[in-house]
Amino acid sequence: MSLKDNVKSGLLTGGCFASPPPNNEPTQYKDKRHEYFARTTRSFNKANAKYSSDYIEGLLELAQPDGSVSVEHVTGRFANVVTPTSSITRKYDDYKNALFDQPHIGYVRPGSKLTTMGSVWLAINPDNISSPTANGVFRRCNAAWNHLDYYGNVVSEPIIRTNDAANADAPDAQTDQKISVGYFTIICQYNDFTRQINDNTRLILGSKAYQVTGFADFEQEFTGDYSSVRLLTFHVRVLTSNDETDDMENHVAGGKNFSAKIAVSSGSGKLWIGAKKTITCQFERNGTAQTATDEHPVTFRFSSSDETILTVDQDGTITGVSEGSATVTVTLEQNPNVTASVGIV
């Protein structure tokens, strides 16, 4: 074999002609040096993963080096983690070891959500530092926490109830009921919504209300970096729900205390054919008028029930077209369930 062939063979064996290195690893991983056969391993996974019996596709949250997060279509293996035995209490299908065959993915942030097989899964134990490929243990979210956002929309956050049975079962007399004081441990992604749980303190899960205790929002991915908290853990203890304030239909604790409406101060009444006038309205949250901000914009959408009688543009300006009566509906764009109507003759 010639020297040229020997060099070519060595390069192929070393993986230098294989897949390029990942491009989504954080800057903290700059200390990683040459990984032997890493490129070859990624190329092998890309070429052969699709032949596995547990091959799946889904949508994965991928963190980028600049800190942004994108959702990408991914494929890969979804292998069992729990070994089936007669004494095991964990559900086999709730724990999966995911291996993604896209070579550009070398990092899966802890707490990342993977949507596949009809469920949302959380990366609770990724293998980023020592593995040349993007893989790790994912766990299925088996419950959801519902709450209201700034505009009154119901937001659902997938959560993991880690234990199948309550950790304590001593009876506790609360009002006129005997209910368990047992508690469950919850894991969820740490984000702008879930950091509110410590303030809300109560959740509705199923048909029961729960009190939040043991709120832990300090586990960091990178030591000393307070912005690298990825997972949130806490406990929930069963309570008696309050039918006067809790919205049990949408599973929102204290949901009945929230109100959102559009207050219309002008625009109703009579209008001459060919004339114009403008509807003036404002968004009220819990009875207080709100001013639009960059963080919480407020915009409205206008529509006419009969455009042969009157038209309305998206600035709220009404134009009379012909004789008759019609209704202009004002809708809050940030929450389409919040509307107001104006009658025009």
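Helices (H or I, at least four residues) and strands (E, at least two) are DSSP runs, numbered from the N terminus. The views below show a predicted model, in which local features need pLDDT of at least 70 and side-chain atom pairs count only at pLDDT 80 or more, while totals for chains, interfaces and linings use all residues. Residues are numbered from 1 along each chain as its sequence is written, and side-chain values use heavy atoms, with hydrogens and water left out.

**View 1. Ile129 sits in a loop between two strands.** Start with strand E5 (119-127) and strand E6 (135-140): the loop between them holds Ile129. Is Ile129 buried or exposed? Ile129 counts as exposed because its relative accessibility is 59% (buried means under 20% relative accessible area, exposed over 50%, partly exposed in between, with a 1.4 Å probe and protein chains only). Leaving aside residues up to four places away in sequence, Ile129 touches Tyr29 and Lys32 (contact means heavy atoms within 4.5 Å). Look also for Tyr107, 22 residues from Ile129 in sequence and 8.4 Å from Ile129 in space, C-alpha to C-alpha.

**View 2. The largest pocket has 19 lining residues.** On a 1 Å grid over the protein atoms alone, a pocket is an open set of points where a 1.4 Å probe fits, with protein on both sides within 12 Å along at least five of seven lines; lining residues have an atom within 4 Å of a point. About 400 Å³ of space lies in this pocket, a volume being the space filled by probe spheres set on the points, which are joined across faces, edges and corners. Nearest the centre are His147, Leu148, Asp149, Tyr150 and Gln196. Strand E7 (residues 143-148) supplies the largest share of the lining, four residues. Seven lining residues are nonpolar, eight polar and four charged (Ala, Val, Leu, Ile, Met, Phe, Trp, Tyr, Cys and Pro count as nonpolar, Asp, Glu, Lys and Arg as charged, and the others, Gly among them, as polar).

**View 3. The second largest pocket has a volume of about 340 Å³.** Of its 18 lining residues, Arg109, Tyr190, Asn191, Val229 and Arg230 lie nearest the centre. Strand E1 (residues 55-63) gives the most to this lining, with three residues. By class, the lining of the second largest pocket has seven nonpolar, six polar and five charged residues.

**View 4. Three strands form an open, antiparallel sheet in the order E19-E22-E23.** Strand E19 (300-304) and strand E23 (335-344) are the edge strands, each pairing on one side only (two strands pair if DSSP finds at least two bridges between them). Five bridges join E19 to strand E22 (residues 326-332); Ser304 has Val328 in E22 as its bridge partner.
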